[in-house]
Amino acid sequence: MRLRGLIHKEFYQILRDPSSIAIAFLLPVVLLLVFGYGVSLDAEHVPVALVVEQPDADTAGFTGGFEQSRYFQPVVMRDMHEAEQALMSRRVSAVVHLRADFARRLRQPGGAPVQVIVNGVDANTGRLILGYIQGVWQKWLARRALETGETLGAPVRLESRVWFNSELRSRNFLVPGLIAIIMTLIGALLTALVMAREWERGTMEALMVTPVTMREVLVGKLVPYFLLGMGGMALSVAMGVWLFGVPLRGSLWVLFGAAALFLLAALGMGLLISTVAKNQFVAGQVAIITTFLPAFILSGFIFDIGSMPPVVQWLTYLLAARYFVAMLQTIFLAGDVWSVIWPNALALAVMAAFFLGVSRRKLRKRLE
Amino acid sequence: MKSEVSGPVEQTNRAEDAVLELRGVSKRFVIGRRTIQALRHVNLRVLRGQVTGLIGPDGAGKTTLMRLAVGLLAPDDGRIHALGFDATRDSPAVQARVGYMPQRFGLYEDLSVQENLDLYADLQGLPPDARPARYHELMHMTGLARFTTRLAGRLSGGMKQKLGLACTLVRAPELLLLDEPTVGVDPVSRRELWQIVYRLVREEGMTVLLSTAYLDEAERCHEVILMHEGEVLGCGPPQQFREQSRGRTYLVSAPGERKRTVQEKLAGAASVVDALIQGERIRLVTAGETPPDPAELLPGLAGVSIQPAPPRLEDSFVAMLKQRRKPGGDALPRVQAGRQVGPASLSSENGPGPVIEIKDVKRRFGDFYAVKGVTFEVTRGEVFGLLGANGAGKSTTFRMLCGLLPASEGSLRVAGLDLRRAAAAARARIGYMSQKFSLYGNLNVCENLRFFSSAYGLTGQRQRRRLDWALEQFELGTVADTVSLDLSLGYKQRLAMACALMHEPEILFLDEPTSGVDPLARRDFWGRINGLAAQHVTVMVTTHFMEEAECCDRLAIMADGEILALGTPQEIKRRQCSAGQPEPTMEDAFIALIEGQGQTRGGAK
């Protein structure tokens, strides 16, 4: 009866507090839309300046490769000065320069040089663009060899295949990763805030002097926010699959099982934070710094953990989000790969048990 | 002194009657580097079937004591027994039998009245079939029956307090602990709460322990425990305390004289323990039992009459505090007569005339009028009081007068300046002290003074001169290097007042300046206000204390954004004279006014 009363109360509060609803349902939608449509780590339709000093059949063959590629949006220019201006003002991301003697030197020993200038401010994108330009160049070489009957001096050929995310769409791994971020917000931030609110408004003191036990207080917070978190998760999965066309290759029950484990760990973190920080401002700050930001940066959601310095890699083992992101990306893109799921699930279970256990011990019926 | 008062209590009351007993209880809190001794070897008993009042200013240890009694804190020393259980070891058993209402009532503001009740009924384990009857009874008793669907956050202060009480009473407890239930609640709601408390004791046989900082409420208790700075000064029935002052309390009237001058003269006399303005007269407490001689006390004044008056509990409390302070030396400064507190330059400047004029002022928030058409004037050198419950529109009026909030309609002139056009210029001529003492806790006394004076544009020689003045006049020299967070409440209050006066304002606004401070600090404070008024500084003050209202030259009583009465304390009281109340107190007058307003409103519908 006491537990039922607490859970009832919590649901009324959630329904009447627009900020809980916003964090649980509005925020996932906004984040998914931003990451699904706005943020893309792919380089597509890159504007590139093609400076052709003397157009003829040879240069047309070369530039034709750019026009057919979906990676590029070429702009033909006549002189280098104009192209440099365009690069400076960021109207183009790269310049490909074919000099006036291109056609003549092409037929001489030593060949014709092609100048390529890439905006390297964003190193990753710069490297991608350079790679794509080289691809265009190689394709052109191959086609020329076929046409003229020459042999290209390459005895080995590379045949590459991309697995799991064959289209290399960044959306396909961002959306599953985003689910971890959203659940961190609901589990840790929202729970820390509502618990701190009880201290701040003096209602915790009033609860404590009733016969209610602290375990009931904890469970009374866990159940409603667990359901809320799973609701937010279901919404995100539905949006990911139906709106963004992210493939879900694993089974739904494994996905929800993993989410449940992660949510328990996140709730445990949130409750633990609120036993230490007893006002909403501090609880919110601590929750963002210790759970949300690391989940964003260090979980492998955007940045690959494998390419981080070893110390930082070690640090990521302390993050529940790391295990969950790994599981999410596997379940969505690869399927139920048990060799990935079991160890990560175990790690989450240990963390959930640890945080909930410590919160239970810390939350005593004393005001000191 | 302690044994002298508590001695007879122990003889007359057997130990088995005690529902709550504390023996040798001490409690310390360590916050950072500071250690606060909240309770110091406290012994006390709360007897079955009685209303016991735990009386003392802020910092006396009242809340700590209540929390210890319900097992929310563990004592450093000593033992606490509640209803036969050890409150520390068997706290679940105690919590199942005790009702405790914390200071902020413990309500969920986003839950409705009914939902709050349901929650506490669930938590207290009240069986569902017993609920309808109990709810009916509680709603009837608290008068909340019409509001069950309203959110708790939308209730008035008095209604919240009653709902908090109803939630605590959902399952009738054997012992009811109420922590400052009457703070910030208007006199009408206070009186209703007391009626409920007495009904509970009479009809349900409950034992009630209630803490309060209002000494007049102590008179309504069966037993009183007086506390100060973590120590019990004494316990016993209120009349026992009153009797200590019997034969030493008088009312002095000196027609034709300014009451402040008379009060200052009386307070300065050696044989006087306490002198307090009460309407037109001065309440006097003498040290000895020989009747005071007018010629000796007030030489040179004609027509002075000194009438014996019935003693009050406060008279004895003040006497006890003064006795404690004596060996400590300069712990508390005496109120000196005619001291230079305010800006001396003002006394000659400008003639008398209104310095504050407000006319038909309204303030709207959304579609809610917090202030609806208020008009009054305050003349130079006047002490003007603004009384009213929380939500009556006092603070809104105050903020408009300080130029912090623009009025929706009407005109406001302060120090001859129209606030609509010259708010900044007007602000330079007023001082403001808020009820929360907005000081920087991690700056020391000097740094606070320097900061606030520079905020008002004081620099160089003038700033140094004012700094010296503040340290001397407010006797802050000994604590000049103390971080203001570590100051006692009385010192904090003085520092806040000094900060508000650094720029020699013509008008001083005080927003509940004395809430929670002990009676001696309050007297000291009013001594300073009188000093300011004597130098033609205009003082405007809000308060919940009826006794402070008596010290004002004129008063405005507000309710629901309107002024119900305006005039001298004497006039306001006289207007509420009736056959039933030939000599109403300020509180009686206040209650009569508010109830009268409710009736006219009901009649209009």
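Biologist: Over which residues of chain B does pLDDT stay under 50, and how many contacts beyond four places in sequence does the model have there?

Modeller: That is residues 1-13 of chain B, with 14 such contacts. pLDDT is the predictor's confidence in each residue, from 0 to 100, and two residues are in contact if their C-beta atoms, placed from the backbone, lie within 7 Å. Residues 328-349 of chain B also have a pLDDT below 50, and that stretch has 35 contacts beyond near neighbours in sequence. Where pLDDT is low, the predicted coordinates should not be read in detail.

This is a predicted model, in which local features need pLDDT of at least 70 and side-chain atom pairs count only at pLDDT 80 or more, while totals for chains, interfaces and linings use all residues. Residues are numbered from 1 along each chain as its sequence is written, with chains lettered from A and ligands numbered from 1 in the order in which they are written.

Biologist: What are the confidence values for chain B as a whole and for the complex?

Modeller: Chain B has a mean pLDDT of 84, and 92% of its residues reach 70 or more. For the complex, the predictor gives an ipTM of 0.76 and a pTM of 0.80.

Biologist: How many helices and strands does chain A have, and what makes it more spread out than a compact globule?

Modeller: Chain A has 14 helices and four strands; these are DSSP runs numbered from the N terminus, helices being H or I of at least four residues and strands E of at least two. Its radius of gyration, taken over C-alpha atoms, is set against the globule rule, 2.2 Å times the number of residues to the power 0.38. For 368 residues the rule gives 21 Å, and chain A has 28 Å, well over that value, so the chain is more spread out than a compact globule. The C-alpha trace spans about 95 × 45 × 40 Å along its principal axes.

Biologist: What makes up the largest nonpolar core?

Modeller: A nonpolar core is a set of buried Ala, Val, Leu, Ile, Met, Phe, Trp, Tyr and Cys residues joined through C-beta atoms within 7 Å. The largest has 245 residues, and Ala180(A), Phe262(A), Ala265(A) and Phe324(A) have the most contacts inside it. Helix 7 (residues 170-200) of chain A gives the largest share, 19 residues. Beyond four places in sequence, the contacts of Phe262(A) include Ala180(A), Met183(A) and Leu348(A). A second, separate core of 20 residues includes Phe72(A) and Tyr132(A).

Note on methods: Buried ≥ 20, exposed ≤ 12 C-beta atoms within 10 Å, placed from the backbone.
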